[in-house]
Number of protein chains: 2
Amino acid sequence: METVDKKILLVEDDPNFGTVLKDYLMMNDFDVVHAKNGMEGFEKFKKDNYDLCILDVMMPYKDGFTLAKEIREKNEEVPIIFLTAKAMKEDVLRGYKVGADDYLNKPFDSEVLLMKIKAIIQRKGADSLADSKEFEFQIGNFHLNSKLRFLTLNDKEPIKLSPKENELLRLLALHLNDLMPRELALTKIWRDDNYFTSRSMDVYIAKLRKYLKSDENVEIVNIHGEGFRLLVKDQVDF
Amino acid sequence: METVDKKILLVEDDPNFGTVLKDYLMMNDFDVVHAKNGMEGFEKFKKDNYDLCILDVMMPYKDGFTLAKEIREKNEEVPIIFLTAKAMKEDVLRGYKVGADDYLNKPFDSEVLLMKIKAIIQRKGADSLADSKEFEFQIGNFHLNSKLRFLTLNDKEPIKLSPKENELLRLLALHLNDLMPRELALTKIWRDDNYFTSRSMDVYIAKLRKYLKSDENVEIVNIHGEGFRLLVKDQVDF
DNA sequence: AAAAGCGTTTAACCAAATGTTAACATCTCT
DNA sequence: AGAGATGTTAACATTTGGTTAAACGCTTTT
């Protein structure tokens, strides 16, 4: 699933600490944008989509809480972790009130931060893709580029997909290992849910199965009366 | 779904601390089940469905990490918070590795814990609102995914359930250890309460019993003239 | 303009999954 | 004991899905 590195917004005014932390996170395969204060942090936040925000509490011009509140107004979902030097109880409570996901006291262990980041992103990650404009998917050993309508297995010659094949596989990939309801595909792709469109969809499922057959760990399974499930066996986590 | 209190499993061997914490949480409108050790905690976990687990790390017989791992095998979703007296880095990392959602060092501020609990439960709730997380159940050693219509026992091959089997088991699980009235299933699932639907339901009860037979601690008992009760017995208690 | 290529739909047939009913055995309550 | 409720199994009916191939419509090629 992890086609693209997770994007982190780091807002930290201490240039030394900020740079070290940024480098450390980048070494661990995160895509980090570093803002030097609350203002800049908010500007950067508005310009891009982040998977996580790490905010220093004590900052000039605009403190971490205020920034968090502004971020929450724009986006209720994005996880927020606070960094703070002082561990005042009031601060901690205030942090959770503005919707923090976690809280870390400086100095902290970088490995611990990393674990927290992974834990938090992993939990959030699952369904945030649901409506995004993602067009690249990893499906077992396959790679689907649904913009170019290519399905590639390792270094084999890419399979060209027809528009319907592509849309259907993309919908399945968006619900990877989960149910993709029949009705969803019919309304989204065929724009009509009746006997014939449903039969047509089955024909396309058969076509996709034929393509996917060359990786035995990938399978489209039917859930009778409900829909289909694009299943990837033998999954490895990071 | 009804607005029922959130159910918390608290596993803490220190009787004083455990009781105080339980009372505090209950005062704050949580439904708390208190287990005195890891074994008991796991038994309790299997017998019911919880919104959150709070596990002490240092416990006799079975420590919090081991317990967390067992819980994770049964349920990948339920949030876990660790309590620990010592704040060893290795422990913290180990906790996150087994899928912790948070970590607290004793002594901690109860208000902070409350905030964390609320943040975590809220976060989970938001994530799963899209497809309403009301479809995963723990039934003894079984795990029911009523969205994918799977009934899984430990690492065995999942049993595929038919729509009616699934709906019926789900209704029973919603009333775990409690009466599930005949009439409820008939009106909700069969949409008609007559002689034939009632016989049909009995056929499905028989099918479910056959599936559930492989865990002798799980049983569907009849309450003559009233309905059925999905019962999870305890195996160990000390 | 006819032929060929392509994506899609329709049709037909078969296989699998699901649900209902009937028949009979057993249990529970009075 | 006896009536009604429940348990179990199997036959049967129905619904849904899988597959193949032909038909259709559209665009490009000859």
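In this predicted model, a sugar or linking oxygen of DNA strand C is 3.0 Å from an N or O atom in the side chain of A:Tyr204. This is a polar contact, that is, a pair of N or O atoms within 3.5 Å. The side chain of B:Tyr204 has an N or O atom 3.2 Å from a phosphate oxygen of DNA strand C, and for A:Trp190 the distance to a phosphate oxygen is 2.9 Å. Residues are numbered from 1 along each chain as written, and chains are lettered from A in the order written. Local features need pLDDT of at least 70, and side-chain atom pairs count only at pLDDT 80 or more, while totals for chains, interfaces and linings use all residues; side-chain values use heavy atoms, without hydrogens and water.

In total, 22 residues surround DNA strand C, with A:Ser162, A:Trp190, A:Phe196, A:Ser200 and B:Ser162 the closest; a residue counts as near if one of its heavy atoms lies within 4 Å. Of the atoms of DNA strand C within 4 Å of the protein, 75% belong to sugar and phosphate. Helix 8 of chain A gives the largest share of this surface, 6 residues; helices here are DSSP runs (H or I, at least four residues) numbered from the N terminus.

Elsewhere in chain A, the axes of helix 2 (residues 38-47) and helix 3 (residues 64-74) come within 10 Å and cross at roughly 15 degrees. Axes are lines fitted to C-alpha atoms over the stretch in contact, with angles from 0 to 180 degrees between N-to-C directions. Helix 2 and helix 3 of chain A are therefore roughly parallel, a term for angles under 35 degrees.

Key
Helices (H or I, at least four residues) and strands (E, at least two) are DSSP runs, numbered from the N terminus. Angles under 35 degrees count as roughly parallel, over 145 as roughly antiparallel, 65 to 115 as roughly perpendicular and the rest as oblique. A polar contact is a pair of N or O atoms within 3.5 Å; within protein, one must be able to donate a hydrogen and the other to accept it, and residues adjacent in sequence count only if both atoms are side-chain atoms.
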